[in-house]
Amino acid sequence: MKLTASQLPSPSVTPSSAQPPIPIGHWHRPLEIVPSRFKHKSLCDWAINPAIGCLHGCEFCYVPSVSANKLAPRLLSHGVTDPDREWGDYLLLRPWKEKVFLTSLRRADRTPQSELSRDGNRAILFSSTTDPFQVVRHQDPAVARQLNDHFRHLIRRSLELIRDYSSLNVRILTRSPLAKREFSLLASLGNRLVFGMSLPTLDSRLARIYEPHAPSPAQRLRTLQAAREAGLSVYVAIAPTYPECDESDLRRTLEAVRDIDPITIFHEPINIRAENVARIRTRAESLGVSLRTDVFETRTDWANYALSSLQCVEQVAEEVGVGDRLHLWPDPALGSLAVVRSQPDPAAYQAWLERCWSRISEWPR
Ligand code: SF4
């Protein structure tokens, strides 16, 4: 018998949490600041990615399609045979070489504004292809301790150097309450830093299906509240919301987020990237859960789901009083001729897309 999401057992135990994932270890190339631009998202000009892989293992994750798959030959030498299918099972930390990092920092800091994106806010994103505050799991406790210490050093030292040797801004994006232990360091960057979490839903059972090893939504909400209390400027990414996130689910999330008083609320639905839909389907089958994967069946089905989700969030955000801070991320594919022509008022639709895509996200002054 198939279970619906709400009939799943309690989220305290995840199916694979008892088995430490492999391979876990070190990557060969040291940590650097690299150019990174998210088209139409106004997130950053650069990114810092302390690891290859991410143990949160979100089923919808876009990273295999944008980076991990390209590293397949090297990942193979670490025992990863399919970077997409095995997403969530590997984590390879970058070495720390201070001279290499400082060289990349100087290069970024000296980049003329004319060469930067208009909406990047001169910000470095921690992180774009992994979570900067995750627990490294390993079957050997001594190795686990060493890796976790090293991970923490990568984050702390790079933040200190950015703070002390540049004028660049920092955008933190995480799903982990582990960030709390660094709040005083984050606060030392003042208005140069914004802290954000991804919070697609407050429904912990639903989150456990789509984000099997990420901390619960309740933990994330408490972390956001703690960040505000620590004096940080906070934003929230209600992203990506799942097809099961109906109006009442979205309203609940937006109301909770409103109470944190974020400077920006980003939103997008799940977009189709590489094998992410196959991962979602496999996950649903393994749990015996019915999910609304029909919305990914065809490009038209997906566009209908994506647009109804974006429009629903836009409407509810107005109703709960956060419409001014809402920053929608319609996927570029929603600007295709076929989608535009299928709208009741194509010109108004295109103008709406342009407004979303040209928006510059808020930064504290
Ligand atoms: S936390 Fe981010 S990088 Fe990690 S698996 Fe989830 S979506 Fe991907």
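This is a predicted model: local features need pLDDT of at least 70, side-chain atom pairs count only at pLDDT 80 or more; totals for chains, interfaces and linings use all residues.
Residues are numbered from 1 along each chain as its sequence is written.

β2 and β3 (residues 46-48) pair in the antiparallel sense over three bridges, strands being DSSP runs of E with at least two residues and helices runs of H or I with at least four, numbered from the N terminus. Within this pairing, V34 has A47 of β3 as its bridge partner. Both strands belong to an open sheet of eight strands with mixed pairing, in the order β2-β3-β6-β7-β8-β9-β10-β11, where two strands pair if DSSP finds at least two bridges between them. The edge strands, each pairing on one side only, are β2 (33-35) and β11 (326-328), and from one strand to the next the twist averages 25°.

Turning to the helices, the axes of α3 (residues 98-109) and α4 (residues 141-165) come within 11 Å and cross at roughly 45°; axes are lines fitted to C-alpha atoms, for helices over the stretch in contact, with angles running from 0 to 180 degrees between N-to-C directions. The contact is made by F101, L102 and L105 of α3 together with S158, L161, I162 and Y165 of α4, residues being in contact if their C-beta atoms, placed from the backbone, lie within 7 Å.

Conventions
Two residues are in contact if their C-beta atoms, placed from the backbone, lie within 7 Å.
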